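Take the stops in order, and look around before moving on.

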Amino acid sequence: MQLAAAGSFLTLLQDDIVLIQTHTHSILQIVLLNLDHRDTVVSNAWLETLLSAIDALPKETIRQEILSPLVSKAQLSQSLQARLASCRILGKVACKFESPIVKKDLLPLVRSLCQDVEYEVRSCMCRQLENIARGIGLDHTKAAVLPELVELARDEGSTVRLAAFDTIINLLEMFDSDDRTRVIFPLVKTFCEKCFKADEAVLASLSFQYGKLCHGLSASFTEEQHLWFLEFYKKLCVLGLQHENGHSDNQVYPLELESKYALVRRNCAYNFPAMVLFADPNHFLTELYPTFSSLCHDPEITVRRTMAEGFHEIVKLLGPNVHFIHKELVVLLQDDSLEVLDALLSHLQETLELATSRGEGPGPESKQLIVPELVPALAAAEQKAALSLRWRVHERLLQRYACLPRVVSADQIYFRFLQRMFAIVTTNNVLPVQREAARTLCMFLRYNRKQEQRQEIIGKVLQELAQGRSYWNRLRYLDLCEIAMELFSKAYFCKHFLIQALELVNDPVANVRYKLCHMLPQLRSTIRLPADKHLLQQLEFCVRKLLCREKDKDVVATVRKTVLELDKMDITEPYHKRHERDLLDQKKEKEETLLLEMEQLERQQSEAKLTSDKHTEKKRRDSKTGLSGTKGLSGSTSGATLSTSSGKELRKAKLARSRSLSSHPTTPKMANPDKTLKVKDSGSCPGKGKNLLPMNADEALRSHHFSVAAASSVLSPTPSASSMPVLIRSNTTNTLVDHPHQHQHRSSTLDHRSTNGSKDTQSRKLSIQRKSNSFGMQSGRE
């Protein structure tokens with residue numbers, strides 16, 4: 001009843017239900033009377049009501065009704081409970097009055113309570129010194145408050161020293177540089193050393209406030225003082241794990257002491273981002289990396305979890321030096337405890353993006369620095385969460401994995417994560433996990449820049465979900481359609497997902513048809529007229545089919561309600577909402593078009609790079625071939641000279657035999673094989689960069705042409721008028737084989753004219769033809 005009354009009176013005052021005068025004369029007296037209640041719980045409740053009422057009461061009322069009786073209640077003759085209440089009331093009213101009044105009326109009571117015989121009173125008043133200092137201002141704090149704090153910091157009671165230490169840290173900005181250097185630093189240093197050696201109970205609070213302490217004093221530190229505080233922090237981080245000499249500590253601590261040491265290390269992990277800033281992020285590798293690694297590998301789960309919670313802050317502070325802690329990020333992702341992984345998930349997207357966007361060296365090389373180690377760690381973390389019974393952790397993990405397209409490459413997602421998402425959607429037993437996996441799958445599809453992979457993903461979605469054998473998978477396809485309508489443009493959704501969703505109107509399971517009926521208004525909103533008129537007709541056909549053939553009563557009721565919603569869609573929706581939705585859809589469509597253009601550009605760049613590499617390789621090979629041809633030029637020239645002389649003798653002998661048989665003089669131009677040989681030699685010189693392979697094919701083709709021409713010359717008595725221009729239009733390299741052919745043709749013609757029907761003459765013609773053919777083939781080979 002007393003607690004209820006205290007709460008009700010506070011509500012009356014805070015909500016201005018009664019006038020202040022009424023509250024002062026009626027309610028405030030009841031509150032002050034019950035401060036001396038024998039039950040501590042009741043008296044504390046009324047004290048809280050009074051402290052809250054002070055904010056709303058006028059100064060004069062506070063002076064008369066509260067401060068006047070406070071002088072007597074703060075005396076040593078009063079009870080401990082009354083003196084503790086007086087400490088809290090003094091701290092509350094100090095901010096309501098001006099500095100002279102506080103100094104004159106309140107400060108004597110403050111000094112008296114700071115020297116109380118009970119350590120609880122001294123500790124309580126010490127914690128109120130912060131409000132007293134802010135009440136009297138900067139000018140009087142040094143003379144009035146600082147001496148009291150120094151004395152309380154040397155108190156015999158550990159709770160009093162701890163209260164003094166906390167108050168000093170909270171008031172650091174009110175002390176000047178001289179006070180920090182001459183008074184605060186020696187005091188804090190002595191306090192830290194004493195706590196480290198003998199007072200483990202105070203170490204927990206000291207380690208919790210250590211980051212704030214170092215930042216408050218850092219501006220006044222010398223290099224030596226800065227180093228001392230940093231080294232002391234390193235000792236706290238390994239407290240209970242190692243000796244000062246660095247060897248492993250095999251000492252077995254009592255359970256209570258071990259838990260205190262673990263709490264100290266956890267507080268050190270909490271303050272680690274502040275200590276990175278204190279030590280300068282540029283000196284992280286030399287000053288703090290061993291400590292950071294030790295905290296990430298600490299045997300206590302709570303310490304590792306605290307490091308995981310603040311990991312994103314450390315990543316921000318390190319900036320371009322973030323590659324120093326890539327190894328520890330992988331370690332925390334692979335931690336045996338799901339609590340550590342859960343703590344890391346809170347800011348996993350920010351952590352991964354910062355950790356992979358910067359690294360050792362500028363440009364894309366920094367992105368590849370961590371990916372080979374990060375991708376297996378992420379996959380292993382998902383497997384661990386899936387095997388546990390904590391499905392909410394698994395759901396959060398899949399939700400964070402939606403950022404992977406901005407962190408790792410599309411190929412890594414495609415080969416390492418995509419199949420896993422399909423497996424979760426189709427086989428997992430927890431519906432929220434399945435839906436989150438479907439959303440992540442859509443995100444992977446949304447930001448994939450390879451057309452082949454996108455088509456394969458969509459095909460697999462349709463095959464395994466839309467056309468799946470289990471109705472559960474078909475329901476997941478409809479869930480995926482809801483997500484796809486949020487992520488993709490209307491055109492993309494209609495092209496790839498809508499028709500398969502409408503086909504589920506024929507599903508044999510009523511649950512699937514029931515869910516489809518609920519989704520019909522959403523599906524209708526994706527259809528754009530008049531471009532998608534055929535889709536609208538198909539949707540209307542589905543509705544008519546459900547109205548005519550449906551037998552399940554729940555589906556029938558739902559489809560009737562859906563028909564009414566479809567009729568009202570274009571009428572009831574405000575114009576501005578429709579316009580906003582259209583603008584958002586245009587933005588999505590532009591992004592999709594931009595992704596396609598980027599894909600085409602990347603493909604063109606890769607093809608151009610491949611072509612240039614092939615061209616460079618070809619030039620390199622040609623240059624090597626040219627060099628080898630130049631080296632062998634002299635040897636081939638001498639060999640050509642020898643072959644030329646022997647070839648001359650052979651051709652002269654053949655020409656002589658041809659003349660004797662034909663009994664007609666040959667043309668002088670036909671008897672000049674030397675000139676022909678020179679032309680061929682110059683045309684086949686390696687220095688010209690000609691390809692030797694096409695030359696051989698061309699020569700084979702020409703030899704075949706020559707043999708056909710020779711056979712036709714035997715059959716026809718007169719040469720064809722079109723055969724000569726063909727040989728004239730051929731390449732200059734054909735010169736060597738043109739002359740024997742002409743010689744053959746003319747000699748056969750002369751023989752035909754001279755003799756007509758003689759067997760000897762015919763045999764001679766055939767022998768001449770064979771010899772000239774062999775001569776032409778030999779010349780072609782040369």
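**Before you start**

This is a predicted model, in which local features need pLDDT of at least 70 and side-chain atom pairs count only at pLDDT 80 or more, while totals for chains, interfaces and linings use all residues. Residues are numbered from 1 along each chain as its sequence is written, and side-chain values use heavy atoms, with hydrogens and water left out.

**Stop 1: the whole chain**

Show the protein chain as a cartoon, where the secondary structure comes to 40 helices and 0 strands; helices here are DSSP runs of H or I with at least four residues, strands are runs of E with at least two, and both are numbered from the N terminus. Of the 782 residues in the chain, 44% are buried, where buried means under 20% relative accessible area, exposed means over 50%, and partly exposed lies in between, using a 1.4 Å probe and protein chains only.

**Stop 2: α4 and α5**

Select residues 59–73, which form helix α4, together with residues 80–93, which form helix α5; the two pack at an angle of about 140° with their axes 10 Å apart. Axes are lines fitted to C-alpha atoms, for helices over the stretch in contact, and angles run from 0 to 180 degrees between N-to-C directions. That angle makes α4 oblique to α5, because angles under 35 degrees count as roughly parallel, over 145 as roughly antiparallel, 65 to 115 as roughly perpendicular and the rest as oblique.

**Stop 3: α31 and α32**

Move to helix α31, residues 510–525, and helix α32, residues 533–549, which pack at an angle of about 160° with their axes 11 Å apart. This makes α31 roughly antiparallel to α32. From α31 the contact is made by Cys517, Leu520, Leu523 and Arg524, and from α32 by Leu536, Leu539, Val543 and Leu546.

Next, select Pro530, which sits in the loop between α31 and α32. The peptide bond joining Leu529 and Pro530 is cis, with omega about 0°. Most peptide bonds are trans.

**Stop 4: Leu498**

Is Leu498 buried or exposed? Select Leu498 in helix α30, residues 490–502, and you will find that Leu498 counts as buried, at 0% relative accessibility. Apart from neighbours within four places in sequence, Leu498 is in contact with Phe493, Leu523, Thr526, Ile527 and Leu535. The C-alpha atoms of Leu498 and Leu539 are separated by 9.5 Å, although these residues are 41 apart along the chain.

**Stop 5: Asp280**

Go to the loop between α15 (272–279) and α16 (284–287), where Asp280 is found. Asp280 has a positive phi of about 80° although it is not a glycine. Most residues other than glycine have a negative phi. With 29% relative accessibility, Asp280 counts as partly exposed.

**Stop 6: cysteines**

Finally, select Cys95, which is exposed with a relative accessible area of 53%, and then Cys548, which is exposed with 65%. How many disulfides does a search of the whole structure find? The search finds 0 disulfides, a disulfide being a pair of cysteine sulfur atoms within 2.5 Å.

Definitions and conventions:
Contact = heavy atoms within 4.5 Å.
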